[in-house]
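Hi,

Here is the structure I promised to pass on. Have a look at it first, and then read my notes below.

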Amino acid sequence: MTSLHAFFSHPRSRRRACWLLVLLCFLCLIPLQRSLDLRGGSERALGEVLFLPSGRVLRQLSLGYDGLLADVYWTRVVQYFGGKRVAHSTEFKLLGPLLQITTVLDPHLIIAYRFGSIFLADKPPRGAGEPLEALALLHRGIVANPEYWRFWEDVGFVYYWDLKDYAAAARAFQAGSERPGAMTWMRALAAKVAAEGGELGTSKFLWSEIARQAGNEQIRKNAEEHLMAIQATEDIGKLNELVALYNQRQGQPPRSLQALVAAGYLRASPRDPSGKPYILDADGHVKLNPRSSVDLSLLQ
Amino acid sequence: MRVVTIAIHTFKESVRQKVLYNLVAFALLLIGASILFGSISVGVERIILITLGLTSISVFGLLIAIFIGIDLVSKEIERRTIYNILSKPVTRVEFVLGKYLGLLLTLLVNTGIMTAGFYAALYYQKRTLGPEDLVFLGAVYFILLQLAMVVGVALVFSCISTPVLSAVYTFCLFVIGNFSADLRAFGQQTENALLGTACGALYYALPNFANFNVISEVAHAQKIPGYLWVGNSLYALLYITILLGLAILIFEEREFR
């Protein structure tokens, strides 16, 4: 006891003991926090609940910091959507209300309307599968920002891709092309969609325009993924035609696509836009290599 | 024994502060007003009373914790009483521990008063109190643990900074500590490995105040899970030990001239 007292009466010993205690406690803290996290810990939830569902109330409560609060809510939208995507969830119950709050707090937050409409319109599990809600969001964006013609482009895309309503899509592109400052290709887009809605060539034209005009890396990447899927669909169609021709001329189906090369139908082994070779399945149909990064479901 | 004497003196000194009475009075007023807020709504009267009442205890408890925590060293230096205390057979460890326990006692009494006000408001609304209402004491216990950690944080800052800056730092750390799960999520989602590791390290190093927030659960009559009682108590104990250890280390190094 006396030696212990002597130990602690010495400042250096006291300091060492203190450091040791701090370190030990910290080391214990990490597994404890992990165990709390595993059991739900700080992410315990009452299901998906928004305690303040009204953007207007939040705007009043923000004491003038509504712009900052809108940024916070937009970040929440992205985190919520990203979290759901990572968890492969198909339910996005809070996405619509969170976007509503964000855009009420800051009606000029363009990105929230544009990305929000993509999140809402895409089919599950890529999105919420709510194209009508996406249209409502974009129309609110148009009312709040009538000078921003690109919302019409987004409206057109939702009609084109998600609702397959090509006439409405053409009308939206036309309406957008009439806005001051709109790009001239919007008019061409309206005409092309009106004439050849649903054709793969039209889709290619649309996504090429998006990739060319994209002011954002994610939008450009998304457009490129769609273009790759379109290219692969076209390639598979052409290759299947060649397989049928080979079958007709040789009297038996080819064993592999190499047989088409050997017979002079192709100059080299065909590869998809991601660089992986196409393969011929047992039924004699050309399909993507399992290692291919091309996602054909994007076009469904 | 000397620690207890310092703690009692600290408590007596704290309760003399007028700001404390103002804060408690304001908290009681807000708890009382939650009855009115509830009455102008539909179907959520009880929930509003519980959430607003417990939030008032938490928010005003936080203000009290910060106000009393930041004055620990600065006031003693300002009044030059620190020289008298340290010239007596009192070690700096005893001084820091005594001060902390005194502040904790102050918090306990104030939270007790606010909790009594909360239950009075609940009784006024329900006209009765039953065993099911004991669950709110669990939320109050977690608030107290949270506040005990906040006082510890304020105490560390008060050893190295001015009262105003200590208050700002403590409040900022409280806000960050409530978003630590987002910090971890950000670290997990970033493609930058260094940033991910830094976020992970910060997640464990910073106090995780979100662990203690059960107000929403109890407002919806959900029971607090057993693991949370044990886990949170242990977490608070460990973190407070770390904070006190740091405060002692800093205070030991300080020279008073």
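Let's start with one face of a helix: on that side of helix 4 of chain A, Leu68(A) and Val86(A) are exposed. Please keep in mind throughout that this is a predicted model.

Which residues of helix 4 of chain A are buried? They are Leu69(A), Ala70(A), Tyr73(A), Trp74(A), Val77(A), Phe81(A) and Lys84(A).

What do the buried residues pack against? Their partners are helix 3 (55-61), helix 5 (95-105) and helix 6 (110-121) of chain A.

As for its dimensions, helix 4 of chain A runs over residues 66-86, which is 21 residues. From first C-alpha to last it reaches 30 Å, close to the 30 Å expected at 1.5 Å a residue. Just after this helix, His88(A) takes a positive phi of about 55°.

Now for the place where the two chains meet. Chain A puts 24 residues into the contact and chain B puts in 25. On the chain B side, the elements giving two or more residues are helix 9 (180-189), helix 11 (215-219) and helix 12 (226-253) of chain B. Helix 12 of chain B gives the most, with 13 residues. By class, the side of chain B that touches chain A has 14 nonpolar, nine polar and two charged residues.

Enjoy exploring!

Notes
Residues are numbered from 1 along each chain as its sequence is written. Chains are lettered from A and ligands numbered from 1 in the order in which they are written. This is a predicted model: local features need pLDDT of at least 70, side-chain atom pairs count only at pLDDT 80 or more; totals for chains, interfaces and linings use all residues. Two residues are in contact if their C-beta atoms, placed from the backbone, lie within 7 Å. Helices (H or I, at least four residues) and strands (E, at least two) are DSSP runs, numbered from the N terminus. Ala, Val, Leu, Ile, Met, Phe, Trp, Tyr, Cys and Pro count as nonpolar, Asp, Glu, Lys and Arg as charged, and the others, Gly among them, as polar. The expected span of a helix is 1.5 Å times one less than its number of residues. A residue is buried if 20 or more other C-beta atoms lie within 10 Å of its own, exposed if 12 or fewer, and partly exposed in between; C-beta atoms are placed from the backbone.
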